[in-house]
Amino acid sequence: MIMMKCPTCGNPVDLESNPSRPFCSERCKLIDFGRWADEQYSVPSNEPMPAAENPGTTPAPGTPDDLS
């Protein structure tokens, strides 16, 4: 039996026989999915945001947003 903690609630999970693994239940699996859908998880980046997401910037010459 391989045991670990549920990433959502911390309860013990048997990885071999649990169909919701690595979560302890379908409920914890859906809570985690909801967090992804709400963009609560992110990876930090040093790259600047694209112009479409960064208000106050102008598009680069020749991009579709610049063609008017």
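Modeller: Start with Cys6: its closest cysteine sulfur is that of Cys9, 3.8 Å away, which is too far for a bond. Bear in mind that this is a predicted model.

Colleague: What is a disulfide, and how many are there by this rule?

Modeller: A disulfide is a covalent bond that links the sulfur atoms of two cysteines. The cut-off applied here is 2.5 Å between the sulfur atoms. For Cys9, the closest cysteine sulfur belongs to Cys24 at 3.5 Å, so this pair is also too far apart for a bond. The count by this rule is zero disulfides.

Colleague: Is Cys6 buried or exposed?

Modeller: Cys6 is buried, at a relative accessible area of 4%. Cys9, by contrast, is partly exposed, at 39%. Over the protein chain, 13% of the 68 residues count as buried.

Colleague: Where is Thr8 found, and which residues does Thr8 touch?

Modeller: Thr8 lies in the loop that runs between β1 (3-5) and β2 (12-14). Leaving aside residues up to four places away in sequence, Thr8 touches Phe23, Cys28, Ile31, Asp32 and Arg35.

Colleague: Which pattern does the protein chain follow along the sequence?

Modeller: The order is β-β-α, made up of two strands and one helix.

Colleague: How does one check the span of helix α1?

Modeller: An α-helix has 3.6 residues a turn, so residues three or four places apart point the same way. For the span, compare the expected length with the distance between the ends. Helix α1 covers residues 26-37, and at 1.5 Å a residue its 12 residues should span 16 Å; the end C-alpha atoms are 16 Å apart, which agrees. Just after α1, Glu39 has a positive phi of about 60°.

Colleague: What share of the contacts joins residues at least 24 apart, and how much accessible surface does the protein chain have?

Modeller: Taking contacts between residues at least 6 apart in sequence, 4% join residues at least 24 apart. The accessible surface comes to about 5,700 Å², with 56% of it belonging to carbon and sulfur atoms.

Colleague: What is the mean pLDDT of the protein chain?

Modeller: The mean is 82, and 74% of the residues reach 70 or more.

Definitions and conventions: Residues are numbered from 1 along each chain as its sequence is written. This is a predicted model: local features need pLDDT of at least 70, side-chain atom pairs count only at pLDDT 80 or more; totals for chains, interfaces and linings use all residues. Side-chain values use heavy atoms; hydrogens and water are left out. Helices (H or I, at least four residues) and strands (E, at least two) are DSSP runs, numbered from the N terminus. Contact means heavy atoms within 4.5 Å. Buried means under 20% relative accessible area, exposed over 50%, partly exposed in between (1.4 Å probe, protein chains only). Accessible areas come from the Shrake-Rupley method with a 1.4 Å probe; for residues, only the protein chains shown count as cover. The expected span of a helix is 1.5 Å times one less than its number of residues. pLDDT is the predictor's confidence in each residue, from 0 to 100.
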